[in-house]
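Hi,

Here is the structure I promised to send over. Have a look first, and my notes follow below.

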Amino acid sequence: MAARILPIAATLTVLLLGAAQAQPAGDASPDVVVRAERDIGFFTGDLIRADVILTVPAGATLDRASLPVPGPVAYWLDLRDITVVRHGRTITLHLIYQNFYVALDARRMQMPGFPVGLLIGGTAQAVDVPPWTIGVSPLREVAPPVQEDPKAYLQPDRPAGYLDTGRWWTVTGGLAVAALLALLPLAYHRAWGPFRRRPARDFAAAVRHLRRLGARGETETGYLEALLILHRALDGAAGRRVLADDMPAFLNRRPVFTPARAGLEAFFQASRQAFFGSAPAKARQVLPFKDLQVLGRSLAAAERGRP
Amino acid sequence: MKDMASNGATLNDLRGTANALEAAVGRVVVGQARAIRLVTISIFARGHVLLVGDVGVGKTTLLRAFGRALGGAYERMEGTVDMMPADLLYHTFIAEDGRPRVQPSAVLAKADSLSIFFFNEINRARPQVHALLLRLMAERSVTAFNRTYQFPFLQVYADRNRVEKEETFELPAAARDRFFMEIPVEAPTDFEARRQLIFDPRFHDVDRLLDGIAGPVLDHRGLEDAAAQVQQSVHTSTAVQDYVTRLWEAIVHPAAAGVALPGVDMDRLVLGGASPRGLAFLVRAGRVRAWLEGRDMLVPEDVRDVFVETMAHRVFLDPVYELRRESIVRDLCAAVLATVPVP
C-alpha cells in the first residue's frame, strides 16, 4: 500500500513544485480592489463614494496624469472629486461620483472602469480598475393624508435657535475701548483736544526764573542775569529779537501787553544802561530788581489773559 | 559855516551841523531820507560809498547836493569799456601851436580840494581802472607826472549798473570790500513826493534846484577830525562787542547759528566775505549813527540800522545762489538779526 502511495505523492509533489515555479511572484503584479460604501439605494443627485485600493510593488509610483479628471464621465454620471492617499505599498484613490440617472424602476447601472498608469522600475505599466455596478432606485411621490385646508399641509416654522451673543458683546466692548485708546496717540500726533499746542508761557517761565534768583537779584551779576531772563522772555513772546526800538511794534502786534508799556520802557532804558552804557548801578536806579519782578509778574498775568 | 577843526567845536555843535547838512540836502532831494541819512553817516565815518539804484532816481542830484552842502570840489566821471587809468589822470590835447600837450586831468587838478568824486557806472570800466580807483580809495593818493598827488578830503562814490551785463566788468570781491557802504537809491515810494518830482518844475532843472542850497553848511576840511572825535566819543560796551562778534559768526556760518532760509542750503550758501575790515566799518557806521541819534553809547539798534548797507555787499555767496543775490542776502541779514540774541 505504501509502495503504491509513494509514487503518487512524489508525482503530486513534483507537480505542485512545478506549479509554484510557473506562478508569477506576488510582489511583482499590482492588486486592485474596489470598495464602495454601498451598492444599492441610489437616487437622482446622490453622491456615490468608492475607494480603489491598489497594492503596488515596492518602489512603484503612481502616474497621476493617468487618473480620471473630475467632470462628466457618462451622460448620467459625473466624477466630482478624486483624492490619492498612499501608505507604503497601498495607494488608495478616494472617488466621489454623482448620480444623475432618473430611474423609473429599480435597476443596476454599471460604473465605468478606468486604467491607472504605474511606473515600476522605470517602466510604465497600466492597471485596469474594473467596472462595478450600483443599484439605482426611482423617487416615489409623497402621499400624505388628505387635508381639507391646504394650509394644513404646511408645518409650523421651526423656532429659531438661540445664539449666545454675550461673548461677542464683550469682544465688541473690548475693541471699542481699544479704538478709543488708539485715538489718544492720534490726538497727540494731530494736536487735537487736550493736546492742542498752547503758546509757550514765556513770561510765566521768566517769573519762575526770577523767583529762583532770589537774593542774588540784588547783586550786580544777578541783576544783569535777571535783565537777560526778561529779554529772552520778550524774544520768545515776539518770536524774534526785540530791541528797545522794536517795542512799539511789539505792543502793536501783542496789544495784551500794552498796560505794561511804562514798565517795558523802564526795562529797556535800564537794560541799555546796564549792558551798553556799562552802568549797571544806574540801571538799578531806573528799575530796581523788585520792580523788575513786578514787571515780570504783570507781563505773565497779561500773557495768561491773552486770547 | 563852522570851523570844526578848531578845538572849540563840541560834539553837540557837530551834531547840529550834521542835522543842518541833512536838512539842506533834504530840501532839494525829496523822498530819499534814508539815503540822505546813510550818506551823512558815510561822510562822518569817512568811508567810500557804492550807490545802487535805477537810472534817473536822483543819485547824481543827491551827490551834487551833498557836494554843494559840504563845500570843496565835486568831480564826476563816466566809466566806459575803453577807459584806461591814464584817462583818469591825464588830459591830453593839441595846443594852439599844434604840439601835443599833457596836463593833469580835472580830478588831479582838484586834488587838494576834491571832496566828492562820483564814478558813474564803475562796472563799465576795466579792471586796470578799478585798480587805480582802489589805490585812490585806500591811500587817498595817486602817482602822476613823477610825483604823488594827495587827496586829503576825498570821498569816492561809485555807481554800479546792475541792469546790463554785456561789456561790464563786475567789481572783484576785494574792490567791493573796500567800499564802506552800499547805499540803495530807489525812486521815492511816497505818493506826494512822486507827484512833486513829476510835476514841480523846480525838480526839472538840477542846476537851479541846487541853487536852493545857498552854500556850504560845513567845512569839508574839518571832517577828518570830526570823524575821529565821533568815533572816540561813542562808548562800545562789552555786551555790544559780544553782539557784533556773534553777528559776524552768524553771517559767516549761518547754519551753525541756527539761521535758516526757505529753499536755501545754509551749509553752502556763504562762501566768504564779511571781513574784519567790514565788521570794523559796521561798528564805525554804528557809532556815527548813535551820535546822530544823540547817544554817547553804541546800542544794537545802531548796528542793526546800518547792518545791511555795510555788510550785504561783502558777503560772497555760492555761485548757485549768486543770481538771486539781492533777495537772499537781504533775507540772510534779516534772519541773522532776528536770531542773534541781544544783549
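The centres of domain 1 and domain 2 of chain A, taken over C-alpha atoms, lie 100 Å apart. Domain 1 covers 31-136 and domain 2 covers 202-304, with bounds from an automatic or database domain assignment.

Before you read on: this is a predicted model, where local features need pLDDT of at least 70, side-chain atom pairs count only at pLDDT 80 or more, and totals for chains, interfaces and linings use all residues. Residues are numbered from 1 along each chain as its sequence is written, chains are lettered from A and ligands numbered from 1 in the order in which they are written, and side-chain values use heavy atoms, leaving out hydrogens and water.

Chain A has an open sheet of 5 strands, antiparallel, in the order β1-β2-β6-β5-β4. (Strands are DSSP runs of E, at least two residues, and helices are runs of H or I, at least four, numbered from the N terminus; two strands pair if DSSP finds at least two bridges between them.) At the edges sit β1 (31-36) and β4 (71-74) of chain A, each pairing on one side only. β4(A) runs antiparallel to β5 (77-87) of chain A over 3 bridges, and A:Gly71 has A:Leu79 in β5(A) as its bridge partner.

Now chain B: it holds 16 helices and 11 strands. Its C-alpha atoms fill a box of roughly 70 × 50 × 50 Å along the principal axes. Of its 343 residues, 53% are buried (under 20% relative accessible area, 1.4 Å probe, protein chains only).

Cheers

Terms used. Buried means under 20% relative accessible area, exposed over 50%, partly exposed in between (1.4 Å probe, protein chains only).
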